[in-house]
Structures are given as structure tokens and as C-alpha cells.
Amino acid sequence: MIQIDGTKCQKCYACVRQCPVKAIQVKDSQAKIVEERCINCGYCLIVCSQNARETKSYRSRVKSWLNHQEEVVACLAPSFVASFTDCTAEQLVTALYKLGFSQVHKVSLGAKIIAQKYEEYLIESEQKNLISSACPAVVNLIENHYPALVPNLLPFVSPMVATGRIIKKENPEFKVVFIGPCIAKKAEMERKELAASIDAVLIFKELKEMYKEEGLELASLAETEFNQTDFEYSDDFALSGALTANLESYSGEEILVTEGSENCLELITGILNEEVQAKLLDILFCAGCIDGPKIDSDYSLFARERFIKEYLNSSQESLESSAKLSQKLKSLKSKLDLKSKFGASLLKLELPSEEEIKEILTYTNKVTPSDELNCGACGYDSCREKAIAVYQGLAEIEMCLPYLLAQIQEEADYYKEKLSRSQETKYSFKDIKGQSVELKEAKVKAQQASQTKSTILILGESGTGKEMFAHAIHNASPRQNGPFVKVNCAAMTESLLEAELFGYEEGAFTGAQKGGKKGKFELADQGTIFLDEVGDMSLRMQADLLRVLQEEEIERVGANQTINIDLRVVAATNRNLKQMVKEGQFREDLYYRLNVITVYTPALRERIEDLPMIIDHITTKLIAEQQLPRKKLSREVLNQLMQYHWPGNVRELENIIMQTFSLTAEDIIKVEHLPDYILQKDSVNSSLTSEGEIGPLAELIAKVEKQAIKKALTTTKGNKKQAANLLEISRSTLYKKISKYSLKTSV
């Protein structure tokens with residue numbers, strides 16, 4: 001019933017904030033109506049500053065009937081006087097005739113009949129807290145959100161439907177058009193059981209537009225009377241408490257009148273908590289019909305009320321005439337079917353567990369009660385309520401202002417830190433993202449080692465961030481203001497690597513640079529040299545490196561004198577140096593010189609819980625460095641990525657993120673945008689779990705981890721050191737996981 005123009009919706013979330021039943025779903029950064037939850041109150045229309053919302057219109061349908069000179073009857077809501085303030089009621093009738101309407105009635109006729117039906121029912125029923133069914137928004141609220149109160153609804157149609165049935169009783173072929181300020185009336189008209197009563201609904205603004213198209217100046221028209229002068233009616237139904245005023249057998253003490261969304265919801269809560277005891281509850285979702293969402297008036301609510309009262313005083317009928325009309329109305333009422341049935345249509349949404357709520361809150365950096373102080377930007381009353389909506393698919397993480405500010409701050413910090421660093425280094429420990437035990441251990445050990453002069457050996461698979469650790473160690477060390485020089489030992493031949501590391505004198509070999517050249521060791525003096533892929537060095541180069549580490553001096557190629565140097569060596573490799581020593585491929589003395597302090601960088605699959613945080617960091621960096629548009633990953637994509645075994649580790653993840661960002665035109669990365677090999681079942685991981693097993697990812701990871709540790713302990717006959725080496729984790733990590741899973745270590 002309420003349609004949204006996605007090109008105008010600008011993520012202000014005003015509609016979420018004002019929707020009393022949270023029937024707005026934010027998906028792909030666009031607000032959409034959840035029809036099963038919507039009560040058609042129209043609040044989202046009122047607050048939309050971008051004019052991105054509009055109601056379903058029947059204007060073309062009505063104009064077609066009028067153009068074909070069909071018998072079309074206009075039924076004006078009692079609040080018409082508060083909207084059409086520049087003309088008299090009778091001039092408005094004339095204008096309707098000029099548009100082509102054949103009759104003009106007041107819906108207050110149907111309101112009078114329904115009031116009498118209410119009174120008869122109240123006298124016969126002993127039930128308490130009966131709820132008026134005149135307001136369709138209230139009916140929708142109870143049916144969609146409070147089904148326990150459906151039996152409390154008075155089983156009668158609304159005044160609009162009653163008026164339509166009065167007209168169609170005598171002239172079934174007539175088209176009946178309701179004209180008023182209420183959006184919910186359009187939805188009510190389309191209820192199957194009411195479809196034959198009203199043929200179309202126009203709001204006041206649409207009628208004014210039709211007048212404008214025809215060039216009608218209402219204030220200059222002659223006056224014409226309404227058609228229902230043969231029946232008794234009351235014009236006061238647009239005002240607060242009008243239903244009570246039209247009941248003769250009940251006093252105000254037995255009737256509770258409530259208007260406005262907040263009061264309605266509070267009253268409903270009171271009924272459910274058995275705090276309310278009244279005969280009749282007269283509930284309107286707006287502050288009377290003069291406050292309908294499409295009243296289309298520039299006057300205040302108090303001024304609109306004054307217009308209605310002035311009109312009432314000028315149109316009083318004589319008591320004698322009223323008595324006669326009442327008798328005729330009574331005769332007609334007995335021939336009409338004004339009964340209505342209501343039913344529950346509650347859309348149940350799954351509620352998350354406390355742990356799942358905390359997980360979502362943590363994702364937006366809300367880990368303490370003070371972090372949950374709600375800024376209100378997302379439109380929800382609390383961060384916790386927003387987290388529940390995220391779980392239910394109604395809201396998105398990106399609706400959180402503090403979260404977005406943190407992302408922007410991260411981008412700013414990234415540039416700030418990049419500018420503040422020396423030209424040689426790029427990363428600090430802040431750039432190494434993750435909260436897993438394995439990564440924290442590696443970072444703590446590396447940070448402690450950075451304060452020493454000792455040689456550091458970084459071990460880990462390719463793509464696990466060994467170079468990032470080397471950069472971070474230098475930046476955290478007392479040598480941070482000195483040079484940081486990196487050398488890829490696997491990228492050069494032996495002779496080239498020798499010249500690159502040690503430098504050379506002029507004429508040392510054919511093609512040698514005039515004046516000679518400093519080597520990397522010299523350039524790293526007073527700083528740090530990072531020897532990447534040190535396991536790929538030849539045995540001769542290993543001997544030369546050993547001499548540098550022992551003597552702290554170098555000799556250029558072709559030179560006769562030595563040069564003293566002061567540097568820290570950080571070496572890295574993805575190879576098993578211990579095994580290479582056994583096989584004679586790596587010098588044992590060099591191995592022990594390098595292996596003074598060892599830092600192990602865990603594989604991504606060993607710390608898969610860090611994946612969302614790493615993805616956030618990668619996307620922030622890509623957006624900042626390559627000016628790529630901001631995109632986000634769907635929940636299904638994240639689940640798929642967390643099930644992949646990542647042989648290429650973080651480097652592979654970064655490549656996939658860059659690929660999908662570059663090749664996907666949409667704002668949301670979906671499963672179909674991922675490379676095919678990511679979607680294939682991982683045979684290695686699947687063998688550790690039951691065939692076809694599915695469940696919470698954290699539980700599956702824990703199960704695989706537990707099985708792997710048990711198998712390692714069995715293989716090593718309970719030797720924890722050997723088990724840790726087999727699993728390629730530290731012994732302290734192994735001890736923690738043995739305790740976590742309550743594993744027996746004796747075999």
C-alpha cells in the first residue's frame with residue numbers, strides 16, 4: 001500500500017524511528033515496507049523528508065469512471081471541513097459534481113449507524129474492554145501484532161464500509177469512492193470481505209490535485225446540498241470522543257477514549273496486563289480523524305478542531321426532523337449486514353539468544369553497558385533492540401552511526417599513520433587484525449622481542465603476514481627511526497643476492513656500477529634488515545650470513561677491507577628449517593643463530609574467528625587506497641568464506657575481496673559473486689566432520705579443533721611438545737585448548 005522510491009531513500013532512517021511497529025526493513029541500504037507487519041498508519045509518509053514514499057493511488061481508476069459518465073458516489077470523511085478551509089462544505093459538493101460525481105454523501109451517516117450498532121452490542125454483551133473497530137490502523141495493529149486481543153474487537157464494519165453498503169443497498173451498480181485523510185482506508189478497502197462495499201479511496205490531496213487539473217476555483221462556486229438529507233447523521237465524528245457523544249446508554253466513566261500511537265500501545269499493554277477495566281475502549285491511532293496522515297492542512301490541530309466545531313454549530317437540525325430521520329435510519333439499518341470478522345495474522349520473527357545479541361553488539365564495538373548508550377541514529381530505541389532487528393533481517397550493521405564513525409576513523413588513522421611512518425615501513429601492530437588466542441600470542445611475543453636486539457625468526461605459511469610482523473617489530477623497536485631494509489632471498493640468484501646484500505666495489509665484475517654500490521647490510525646500519533624466504537638461500541650464502549651475524553661486519557664484493565655494521569636481523573620463511581637441517585639443506589649453526597626468538601604467524605584457518613574483522617580492515621584499506629566504492633558482504637557470503645580452508649591465507653582473502661569489489665556492480669557482495677573454487681566443498685575439512693553436518697560455525701570449528709588436538713596427542717603418545725609442533729601451534733596455545741575442551745592427555 002505504501003511504495004518507496006529507492007532512488008530517493010537516503011539512509012536517514014526517520015521512517016524506522018517513527019514506525020510504531022517496526023515494519024521497516026533496511027536491506028541493501030534501502031528502507032522497505034514489511035507488508036505482514038505494516039498497519040498502514042502512514043507515519044513513515046509524514047516523516048520522509050526526501051518524499052521517497054507515496055501511497056497506492058486510485059486516481060486513474062476514478063477518473064476513468066467519471067470520464068465514462070458512470071454513476072460514481074463521493075463519500076466525504078467527517079474531517080473534510082478541516083482540510084478544505086478555503087470554501088464552504090456546499091461549494092465542495094458543487095466541485096465534486098463538476099468533476100462528474102453523481103452523488104455526494106457524508107461518511108458520518110455510516111458512523112451514526114455503527115454507533116447505534118455498538119450500543120446494542122454493548123447492552124447485550126457482558127465482556128469488558130471491547131475495542132471499537134472504526135479505525136483500520138488499530139484493527140491492523142491488533143491482528144498483526146496483538147492477536148490475543150482479536151476477540152475484543154467489536155464485530156462490525158467501519159463507518160466508511162457502512163456508508164458504502166447503505167448506498168449500494170439501493171443502487172448496487174453505483175461506484176462508491178471514499179475521500180478522507182487516512183492511508184489505512186486504502187488497505188481496508190482491499191480486504192476481501194469488504195471489497196464489494198467501497199470501490200476506491202482518494203485522499204484529500206489527490207482530490208485537490210483533480211480540482212487543480214480541471215481549473216476549478218472552489219471559493220467561486222455556487223452551493224449544493226449533500227444527498228443524505230433523508231437520514232439522520234452526525235458531523236462530530238472527526239473529533240475526540242465523538243463515539244462516546246453518540247452513545248445514549250453509556251456514560252463517559254464506562255468508556256475509555258485513547259488517541260495517538262503511544263497512548264494506543266500503552267493502553268494495549270495495560271489490557272494485556274489486566275490493568276484496564278472498561279466497557280468500551282474507543283481507540284484511534286491518530287489524534288482524531290482531523291489528525292489523519294494525509295489531512296493536507298497547514299493549520300494546527302487546534303485550528304482544525306475549531307473549524308469542525310464552527311461547522312457543527314452552523315448545521316444543527318431541528319429535534320422534530322431528527323426524530324423522523326432516526327426512525328427511517330432504524331428501518332434501513334435492519335436491512336443491512338454490518339457484521340465483520342477479524343483474525344490473527346501475526347508474522348512471528350525468531351528471537352536471538354543472549355549470546356547472539358552480544359555477538360552482534362560486539363561487532364559494532366559495543367562490549368560494555370556504557371557502549372550501548374543509544375545515539376538513536378539507526379531509528380531503534382536501544383542498541384540491543386537494533387541488534388535483535390539485525391538478527392531478524394530487519395536492520396543492517398551499517399545503520400549504526402558509532403560503527404560507521406569507527407570505520408571512518410580507521411580510514412583517517414590509516415592515512416595519519418601512513419604519513420607519520422618512515423618511507424621504508426608500512427605496518428604497525430595495529431594493522432595486524434584479530435582477537436584469536438593464537439594471534440594474540442604471536443603479537444605479544446613479537447612486541448616483547450622488538451625491544452631487544454636479538455635476531456628474530458618468523459615462521460608461518462605463505463600469506464600469513466610474516467612481512468607485516470617484521471614491519472611492526474621494527475616500528476615498535478628502539479630502532480624505529482633507523483632504516484628498514486627488506487630483501488627477498490628467493491627472488492635472486494646466488495651471485496645477484498651476494499651483490500645485493502654485501503654491495504660491491506667499482507670494477508668488481510663486468511657491468512659493476514661506477515663508484516661501487518652499498519649493499520643492503522650497509523643500508524640497514526642502525527636499523528633493521530628483513531630477510532624474507534631465508535630458507536631459500538644457498539649454503540654458501542648461508543655461510544656468509546652466519547659471518548655477518550657473528551662478527552657484525554661485512555666485506556663488499558671486490559673489496560679488501562671490512563665494514564662494521566650495527567643492525568637487527570629479522571628473518572622469515574614458510575619452510576621447515578629444522579627438517580632442512582636434518583636433510584643437510586640448511587646450516588645448523590645458522591639455524592641456531594637465527595632462531596634466537598621465534599614468532600609463529602598462525603594460518604587463517606587456525607584463527608577463522610578473526611575473518612570478519614580482517615575483512616573489515618581489508619575493505620577499509622581498499623576503499624582508501626584504490627578509491628573503490630563501499631560495498632558489504634552478505635551474511636551468506638561471510639558464512640561461505642568462514643567454511644573455506646584458505647591455503648593462501650590472508651593474502652588469498654585480500655585478492656578475493658579485491659576481485660569481487662572490482663567486478664561486482666552491486667552494493668552487496670552475494671554468494672554468486674565469489675570464485676567457483678571457494679564454493680566447492682573442502683574435502684580436507686569435511687573429513688573431520690560428519691557427512692552433511694551443518695550447525696553454528698563456532699561449534700563446527702570447535703569440533704574440528706578438538707578432533708585435531710586429540711589425534712595429535714594420540715599420534716605423539718601424549719607428548720605435548722611434539723603435538724604442538726605437529727599442529728604448528730605454540731605449547732601455551734595447546735595447553736589452553738586442552739583445558740578448554742577438557743581433553744585427557746595421558747595415552
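Accessible areas in this tour come from the Shrake-Rupley method with a 1.4 Å probe, and for residues only the protein chains shown count as cover. The model is predicted, so local features need pLDDT of at least 70 and side-chain atom pairs count only at pLDDT 80 or more, while totals for chains, interfaces and linings use all residues. Residues are numbered from 1 along each chain as its sequence is written, and side-chain values use heavy atoms, with hydrogens and water left out.

**The whole chain**

Begin with the entire chain selected. The chain exposes about 36,300 Å², and carbon and sulfur atoms supply 48% of that area. Colour by secondary structure next: there are 32 helices and 22 strands. Helices (H or I, at least four residues) and strands (E, at least two) are DSSP runs, numbered from the N terminus. Of the 747 residues, 51% count as buried. Here buried means under 20% relative accessible area, exposed means over 50%, and partly exposed lies in between (1.4 Å probe, protein chains only). Contact means heavy atoms within 4.5 Å. Among contacts between residues at least 6 apart in sequence, 75% join residues at least 24 apart.

**Two loop residues with positive phi**

Select Lys 22, in the loop between α1 (14-18) and β2 (24-27). Its phi is near 50°, a positive value in a residue other than glycine. Is Lys 22 buried or exposed? Lys 22 is buried, with a relative accessible area of 13%.

Move on to Asn 129, in the loop between α6 (108-124) and β7 (130-131). Although Asn 129 is not a glycine, it has a positive phi of about 55°. Asn 129 is buried, at 6% relative accessible area.

**Salt bridges**

Side chains of opposite charge can pair when their charged atoms come close. A salt bridge is a side-chain nitrogen of Lys or Arg within 4 Å of a carboxyl oxygen of Asp or Glu. By this rule the count comes to 34 salt bridges.

Lys 56 lies in the loop between β4 (53-55) and α3 (59-67) and Glu 190 in the loop between α9 (184-189) and β9 (200-203), so the pair ties together parts that are 134 residues apart in sequence. Lys 56 is partly exposed at 30% relative accessible area, and Glu 190 is partly exposed at 37%.

Next, select Arg 304 and Asp 291. In this salt bridge the closest N and O atoms are 3.8 Å apart. Arg 304 lies in helix α13 (residues 301-314) and Asp 291 in the loop between β11 (280-284) and α13, so the pair ties together parts that are 13 residues apart in sequence. Arg 304 counts as buried at 9% relative accessibility, whereas Asp 291 is partly exposed at 30%.

Then select Glu 654 and Lys 621, whose side chains meet in a salt bridge (3.0 Å, N to O). How many residues apart in sequence are the parts that this pair ties together? Glu 654 lies in helix α27 (residues 649-663) and Lys 621 in helix α25 (residues 611-626), so these parts are 33 residues apart in sequence. Lys 621 is buried, with a relative accessible area of 15%.

To finish this stop, select Arg 59, Lys 63, Glu 209 and Glu 213. Salt bridges that share partners join these residues into one network.

**Surface patches**

Switch to a surface view. Patches are made of residues with over 30% relative accessible area and no salt bridge; like charges are joined within 9 Å, and nonpolar side chains (Val, Leu, Ile, Met, Phe, Trp, Tyr) within 5 Å.

Select Leu 401, Leu 405 and Ile 408. They form a nonpolar patch on the surface, with about 270 Å² of accessible area together. Ile 408 is found in helix α17 (residues 401-420).

Now select Lys 578, Lys 582, Lys 721 and Arg 731, which gather in a surface patch of positive charge. Lys and Arg count as positive and Asp and Glu as negative, while His and the chain ends are not counted. The place of a charge is taken as NZ of Lys, CZ of Arg, CG of Asp or CD of Glu. Lys 582 belongs to helix α23 (residues 577-582) and is exposed, with a relative accessible area of 67%.

**Last stops**

Val 581 also lies in helix α23. Leaving aside neighbours within four places in sequence, Val 581 is in contact with Phe 586, Arg 587, Glu 588 and Tyr 591. The C-alpha atoms of Val 581 and Tyr 591, 10 residues apart along the chain, are separated by 7.8 Å.

Finally, select Ser 634, in the loop between β21 (632-633) and α26 (635-643). Ser 634 is buried, with a relative accessible area of 14%. Beyond neighbours within four places in sequence, Ser 634 is in contact with Ile 668, Ile 669 and Lys 670.
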